[in-house]
Amino acid sequence: MGEIFKKVKDVFISVFPVTLIVFLIHFIWVPLSTEQIVSFSVGALLVLIGLSIFLSGIDESIDPIGHKVGRSLTRTNSLALVITVSLILGFFISFAEPDLHILAQQVDKVTAGQFPKNLMVVVVSIGLGVMMTLGQIRILYSIPLQYVFLLAYGIIAILSLLSSREFLAIAFDASGATTGAITVPFLLALAGGVAAMKKRSDKSEADAFGLVGIASSGAIIGVLLTGLIMGVDKLGGELPVEAVSDDGIVKHYLHLIPQILWESLMSLGPILIAYLIFYFVDKPRRKSEFISIFRGMFFTYIGLSIFFLGVYGGFMDVGSYLGVGMGNLDSKVPALLVGFILGLVTVLAEPAVYVLTHQVEDVTGGYVRRPLVLAFLSVAVGLAIFLSILRILVPGIQLWMYLLPGFGISVIASFIVPELFVGIAFDAGGVASGPMTATFALAFVQGLSRAVPGADVVVDGFGMIAIVAAVPILSLQLLGIIYKQRTKHLEKGKQKES
């Protein structure tokens, strides 16, 4: 019971700042209707309850399942089996990710069906499955993480030069959206399970991270290749009217419940099926473990459903409305200020960020402190959303001007930064762009692009998640360099004392 109250406290500290910012915007710049305020408040309460239950369930279900699958695959010593299972698991886990379906639905609507939802979900899932498999092979054969990222982003750089601006924005957004509340905990646990079976403890610590970053690059490659195959030069459209409209509160939430319950079930289904297969194949079978994991999955399902009900019901519509309102102000300085502050606080409410930062602290035995990682992530996401809004306000700034140097520097820096921090940094890029960012922050930016004269909803409205995924990588690589210098300083001090 004490652990549950601790999670409620942690989640409250994360969600409260977002709620406070919305109310400050309401009182200072963009007044909300009574219905919108009530709807948002209900959503905030649901997020608080849902995220607390979800995180409690994760500890008892997805985390041990991922470790069990990872260890079982490693013990088989069969490369063919590892490749086959990884491809299948990677595809279905990504296919079931709610964030990806939400983004794909937005892309479908905004592009008027030029890039259909189902096509986007399939190609992203294939890409993630392929790259997740490559990530598994990397861990098994101790391939340096830097070379894998060099290969992946080298391919992405070539495809980006050949792709349209619209597909470039959507591709990098898909990378962030597919690493959401379900995918990230499972991938982290899977990597941890495989890495734990390695004999060298120093390598297993570093190999526990990096799989999320590698897998998410597959989403970018999948979408860019699809754009080139489709041969579409330009995608166009408008932000759907319903994204910025009001609805009756009770009717609005009731309408969302069936869809969210189904999406949550589809999200957890593939992971549960994978566990059942490995449970009956792997021996010995422990009944207590079976009951514990099913109990954890139930709480994960309930928590995830409540969480998404709050996010999609109370956060997304208000985010769009506030974005439109800020875009209609005479001065655009408030929009930049709000964007930066939103980035600072929304990342704290991301469930995957919670999971990653705790795993970083656990795997490193407290050497890398969770509050410090959160601080670097928070500032990075704030800067990323600030840059996204600046891109909307200044027509000459294009997305590639951020992404090309950003990811280029990240890949080069990976040869300088300690390997542990390379994996953490690229994983952080994926987890920072979770459901809170992909819904509330993205809705805010798209609302802004709808209101700013000369802005393109497709080109400028998408791409924010891409920047959010890029900046944290640089931020945590910087943290890695600081730790490296600190370690050298401590070692010199010990040598002088001796």
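Residues 24 or more positions apart account for 87% of the chain's contacts that have a separation of 6 or more, where a contact means heavy atoms within 4.5 Å. Keep in mind that this is a predicted model, in which local features need a pLDDT of at least 70, side-chain atom pairs count only at pLDDT 80 or more, and totals for chains, interfaces and linings use all residues. Residues are numbered from 1 along each chain as its sequence is written, and side-chain values use heavy atoms, with hydrogens and water left out.

Let us begin with the overall build. The chain has 20 helices and 0 strands; these elements are DSSP runs numbered from the N terminus, with helices being H or I of at least four residues and strands being E of at least two. Along its principal axes, the C-alpha trace spans about 60 × 55 × 50 Å. The radius of gyration is 22 Å, which agrees with the value near 23 Å that a compact globule of 498 residues would have. That radius is taken over C-alpha atoms, and the globule rule is 2.2 Å times the number of residues to the power 0.38.

Of the 498 residues, 60% count as buried. Here buried means under 20% relative accessible area, exposed means over 50%, and partly exposed lies in between, using a 1.4 Å probe and protein chains only. The chain exposes about 19,400 Å², and carbon and sulfur atoms supply 69% of that area. Accessible areas come from the Shrake-Rupley method with a 1.4 Å probe, and for residues only the protein chains shown count as cover.

Now for the charges. The chain carries 32 positive and 33 negative charges, and their mean positions are 10 Å apart. Lys and Arg count as positive and Asp and Glu as negative, while His and the chain ends are not counted. Each charge is placed at NZ of Lys, CZ of Arg, CG of Asp or CD of Glu.

How many salt bridges does the structure hold? There are 5 salt bridges, each being a side-chain nitrogen of Lys or Arg within 4 Å of a carboxyl oxygen of Asp or Glu. One of them joins Arg295 to Glu60, with the closest N and O atoms 2.4 Å apart. Arg295 sits in helix α13 (residues 287–327) and Glu60 in helix α2 (residues 34–60), so this pair ties together parts that are 235 residues apart in sequence. Arg295 is partly exposed, at a relative accessible area of 40%.

Another salt bridge pairs Asp207 with Arg138, where the closest N and O atoms are 3.1 Å apart. This pair links distant parts of the chain, 69 residues apart: Asp207 is in helix α10 (residues 201–207) and Arg138 in helix α6 (residues 117–140). Both Asp207 and Arg138 are buried.

Asp460 and Arg391 form a salt bridge as well, their closest N and O atoms being 3.7 Å apart. Asp460 lies in the loop between α19 (435–451) and α20 (464–497), while Arg391 is in helix α16 (residues 370–393), and the two are 69 residues apart. Asp460 counts as buried at 11% relative accessibility, and Arg391 is buried with a relative accessible area of 2%. Salt bridges that share partners also join Arg138, Asp207 and Glu419 into one network.

Which side chain of opposite charge is nearest to Glu97, a buried residue without a salt bridge? It is Lys117, 13 Å away. Glu97 lies in the loop between α4 (79–95) and α5 (98–110). Not counting residues up to four places away in sequence, Glu97 touches Ala177, Thr178, Gly180, Ala181, Ile182 and Thr183.

Ala177 is also among the contacts of Ser433, together with Gly176, Thr179, Glu350, Ile465, Val468 and Ala469, leaving aside neighbours within four places in sequence. Ser433 is in the loop between α18 (419–431) and α19, and counts as buried at 0% relative accessibility.

Ala112, in the loop between α5 and α6, has a phi near 55 degrees, a positive value in a residue other than glycine. Ala112 counts as exposed at 66% relative accessibility. Ser142 also has a positive phi, near 55 degrees, and is placed in the loop between α6 and α7 (145–162). Ser142 counts as partly exposed, at 33% relative accessibility.
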